[in-house]
Number of protein chains: 4
Amino acid sequence: MQVLTENILTTTIRQRPADSYKGTYGRVTLIGGNRNFGGAIIMASAAAVYAGAGLVTTITDASNQSSLHARLPEAMFADIQDFTQTRTLIRHADVVVLGPGLGTDTAALTTLKQAFQAITPEQHVILDGSAITLVAEQHLPLPQAHIIFTPHQMEWQRLSGLKIAAQTPAANKQAAATIGGIVVVKSHRTQIYTPTNAYENPLGTPAQATGGMGDTLAGMIGGFVAQFADSSAAVCAAVYSHSAIAELLAQQQYVVLPSQIITELPHFMKVHEHKDV
Amino acid sequence: MQVLTENILTTTIRQRPADSYKGTYGRVTLIGGNRNFGGAIIMASAAAVYAGAGLVTTITDASNQSSLHARLPEAMFADIQDFTQTRTLIRHADVVVLGPGLGTDTAALTTLKQAFQAITPEQHVILDGSAITLVAEQHLPLPQAHIIFTPHQMEWQRLSGLKIAAQTPAANKQAAATIGGIVVVKSHRTQIYTPTNAYENPLGTPAQATGGMGDTLAGMIGGFVAQFADSSAAVCAAVYSHSAIAELLAQQQYVVLPSQIITELPHFMKVHEHKDV
Amino acid sequence: MQVLTENILTTTIRQRPADSYKGTYGRVTLIGGNRNFGGAIIMASAAAVYAGAGLVTTITDASNQSSLHARLPEAMFADIQDFTQTRTLIRHADVVVLGPGLGTDTAALTTLKQAFQAITPEQHVILDGSAITLVAEQHLPLPQAHIIFTPHQMEWQRLSGLKIAAQTPAANKQAAATIGGIVVVKSHRTQIYTPTNAYENPLGTPAQATGGMGDTLAGMIGGFVAQFADSSAAVCAAVYSHSAIAELLAQQQYVVLPSQIITELPHFMKVHEHKDV
Amino acid sequence: MQVLTENILTTTIRQRPADSYKGTYGRVTLIGGNRNFGGAIIMASAAAVYAGAGLVTTITDASNQSSLHARLPEAMFADIQDFTQTRTLIRHADVVVLGPGLGTDTAALTTLKQAFQAITPEQHVILDGSAITLVAEQHLPLPQAHIIFTPHQMEWQRLSGLKIAAQTPAANKQAAATIGGIVVVKSHRTQIYTPTNAYENPLGTPAQATGGMGDTLAGMIGGFVAQFADSSAAVCAAVYSHSAIAELLAQQQYVVLPSQIITELPHFMKVHEHKDV
């Protein structure tokens, strides 16, 4: 288990090449936000935009269109019920974030199955929150793609079959290898399992223990993976940044809100980008 | 009548334990906001989130969904007309805030009765604004729970039968004991009656005399009670913080808006949290 | 024609009495904002709230409910089509602001007529924008009340019959006396005609020449009149403050937006409130 | 090819004349924003307002009304489906911005054709994004007016027939002359072709490579052209300002969001306005 250091930031967050354009920084499509949990997909989408993703599209319940654009005009909107359109949007994405605020009802299950059908092998797919629960409970076959799971410990139990007490690094490593892809087990000290390695995030503050933090992390991972070639490093850098920003803000705040982490992201990434000598 | 001091903050606002998660800081469910008074439940919900509650759900009129998420993506939404869902959400709450912007029409009365049926004895329930008026005017039997009333003087008259001129500390104390629970009588100098004690808030500024202040206080009390074990102390600390922040802002402002108090809350609580030696 | 000075602020903006409550600072009800001009009534309402009015209610098209609360949860909402409710809200108001974004179609005319029926003699009524045009073009009899007109020069032409070139102080004074009430003729150097006097505002910057400035001034006048006993002084202080804040902001900005004036208002009023020796 | 310098700002951004009013700074009507791309027209509209346009009207899909006013109460709204109203609004405009978020479906085509019919020869028309694609693909005859095209390189290929590799200054110049009007070819180093000259923007940062930047530039051009008599200079100054602000913000941020450029605009223009000696 390798403990992450600030080094993961400077080695991952590259200086942007001068002659680049939106496409250089990737298309991220996020799917989630039913009528109850619209805030979750709004925060995930904002995290992707503020992380620097080139183009961000949010597929969500129609009732979330107004609040999405009131907070984040930079994101495009699509109606989660219009599968013809969402299929195209998924196909054109470099990264798909699936799950924030999706819910676990039959409509969510249908959305998830349809999304899985549209996903192609070269894509990066972040499975978060209720998408993980649905995969685990419905025994859904995963699409062929570069999948990144972001479960908290209870979701990881559902997905891996490992009870929380049994979630040792060795057991997690083996379970992650069996499932395939990258697994981010979120907890007090988040762990990241890649095909070749295991990392622990030494940062994190109890000021972060508030609703929406996981949705924000999922969106940040989407934004980082869209921009940085080494997706394992991108995931590690996103996890580390999320906690590092929270720790900075927690010096002045009793609780740190997800929206505040998002706002701080462009500045934090600038401070920690790779410096050419 | 004990006069509150800054001491109530440092003894109540504990340093957050390192190994904690959202559940540690409580689930707060707020119910209110009809089509006219959506702002009230938005402010109450934001106050609960910014106070540090772990998970916040807002049950309100469907027409308030967009504005809620445009201001506060951190809160979850539920339709006040969907009692099947709201019953579940009430059941899973640690703290229920009932009343901001609820109104006093028959729909409000139905909501209140249904909520009372769902409440369980171990829960903390803040009854605010029109919920108090409805309880008083309709002689509604109160549910068994830890109830905190937050009437202004006229609502207290309705609930206690004491005319404003007759609301002496002794009379209030007796009336509060008869009704049960904790009573916060809001005025120029707010008083708090707990089963064992009576407190006066020495702070408060006329710059606070503007719409939405009471809704904000109700949400703050919800957030504090969700986090701090001694609920009498939590109520006192919330009342004191609300006025202390207003006084700070009033040094620079002719009027202090509820939204500004909410924004300042995480910083204020950090400054005044308990410091281990 | 008396030229206003900063003195109008310190003599009008009283220090708030310690033992006061929302009612002390007045109920302001604003009516306007059709489907096209929702922003106008939102800005007017925000100006009233940030000026310190005790309670603010916004009667507007239903399609403006979400954006109103997304920007200003402190205001209450009522549907402009529900005359039963709006009549009650008008009756309970101390100050009524009629016109920002109301439009001039038949629906607007109906609203205006119904509002006039509900208005009572002791109320202060600010007639702004299209309300003035409708009154002039439809020869509507004015309700008995303390009316404040806030026309720009073309609207003043419609109301007074004076062509812009003929709008000399003497002619304006006579026309204002004939019409009755207080008249604020908005221009490069705004003039104010009260029953006993005429004032000129020496302030104002071309950076203010942008949409929404008049709506914001109407809301500020509403907020000032609700709070300060001498309504002529309140109108003068609102006009002067509006321009003074714009001049301050214009030192750093090429254009000054109405929303920025609103945000600055509580701080400006604090700096210029009456100081007891 | 003349390289732009800061000089384009001080020679173009005039000091505002003291005795001026909203009409002095022009009426800008923006058309775009279907149900998917509401954010695009919101950003373009905000850019026009913050650039100092006198009056801004946004013609867009009805589903964007709330988010428009939640972010920008200063803009008026009209329903893109109500052609009777939009025709009048186009007729009364000094500048029309056509295209941000319009889409390329049949509804978009109908809107574009109807707008073209309403446009009059003395108007300035900015054609952006999908409006350019539709013109190119549908071989739409252009209305007689002062047209400014703002294509990125692929849209310029569609409009001019020049493949990106063949888009040399000489070829671009000739194509622009054939098409008529002013052409802004957006890229790493944006080029501007006027009837008499060609300019290159030396500024720009990869931090700008994010969704919504083009929509924001289109709105800024609209705002500048509405205010400054020399429209070629106005276009150059808008392009230069857009990149200069982005470079300033990019000193502190890894990615610069369109909304942040808009917020900074009034201050930037003040610093760079023409100074009388």
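## Strands 2 and 5 in chain B

In this predicted model, strand 2 (residues 27-31) of chain B and strand 5 (residues 95-98) of chain B run parallel and are joined by four bridges. Within this pairing, I31(B) stands opposite L98(B) of strand 5. Strands here are DSSP runs of E with at least two residues, helices are DSSP runs of H or I with at least four residues, and both are numbered from the N terminus; two strands count as paired if DSSP finds at least two bridges between them.

The model is predicted, so local features need pLDDT of at least 70 and side-chain atom pairs count only at pLDDT 80 or more, while totals for chains, interfaces and linings use all residues. Residues are numbered from 1 along each chain as its sequence is written, chains are lettered from A and ligands numbered from 1 in the order in which they are written, and side-chain values use heavy atoms, with hydrogens and water left out.

## The ten-stranded sheet

Chain B has an open sheet of ten strands, in the order 1-10-9-8-7-6-5-2-3-4, and its pairing is mixed. Its edges are formed by strand 1 (2-3) and strand 4 (76-79) of chain B, each of which pairs on one side only. Strands of a sheet pair through backbone hydrogen bonds, either parallel or antiparallel.

In chain C, an open sheet with mixed pairing likewise consists of ten strands in the order 1-10-9-8-7-6-5-2-3-4. Strand 1 (2-3) and strand 4 (76-79) of chain C each have a single partner strand, so one side of each is left without a neighbour in the sheet. Strand 2 (residues 27-31) of chain C runs parallel to strand 5 (residues 95-98) of chain C, with four bridges between them, and T29(C) has V96(C) as its bridge partner in strand 5.

## How the chains are arranged

Chain A and chain C do not touch, their nearest C-alpha atoms being 8 Å apart; chain B and chain D do not touch either, and their nearest C-alpha atoms are 8 Å apart.

## The interface of chain B and chain A

This contact draws 38 residues from chain B and 30 residues from chain A. Together chain B and chain A bury about 2,600 Å², 55% of it on carbon and sulfur atoms, where buried area is the accessible area (1.4 Å probe) that two parts lose on being put together, summed over both. Of the area that chain B buries against chain A, R16(B), P73(B) and E74(B) supply 23%, more than any other three residues.

One salt bridge is found across this interface, the term meaning a side-chain nitrogen of Lys or Arg within 4 Å of a carboxyl oxygen of Asp or Glu. It is formed by R35(A) and D79(B), whose closest N and O atoms are 2.8 Å apart. Helix 2 (38-51), helix 3 (65-71), strand 4 and helix 11 (258-271) of chain B each supply at least two residues of the side that touches chain A, and helix 3 of chain B gives the most, with five residues.

## The interface of chain D and chain A

Here 30 residues come from chain D and 38 residues from chain A, and the buried area is about 2,600 Å², of which carbon and sulfur atoms give 55%. In chain D, the residues that lose the most area to chain A are R35(D), N36(D) and Y254(D), together 30% of what that side buries. R35(D) also forms a salt bridge with D79(A), with the closest N and O atoms 2.8 Å apart. Helix 2 of chain D gives the most to the side that touches chain A, with five residues.

Key. Contact = heavy atoms within 4.5 Å.
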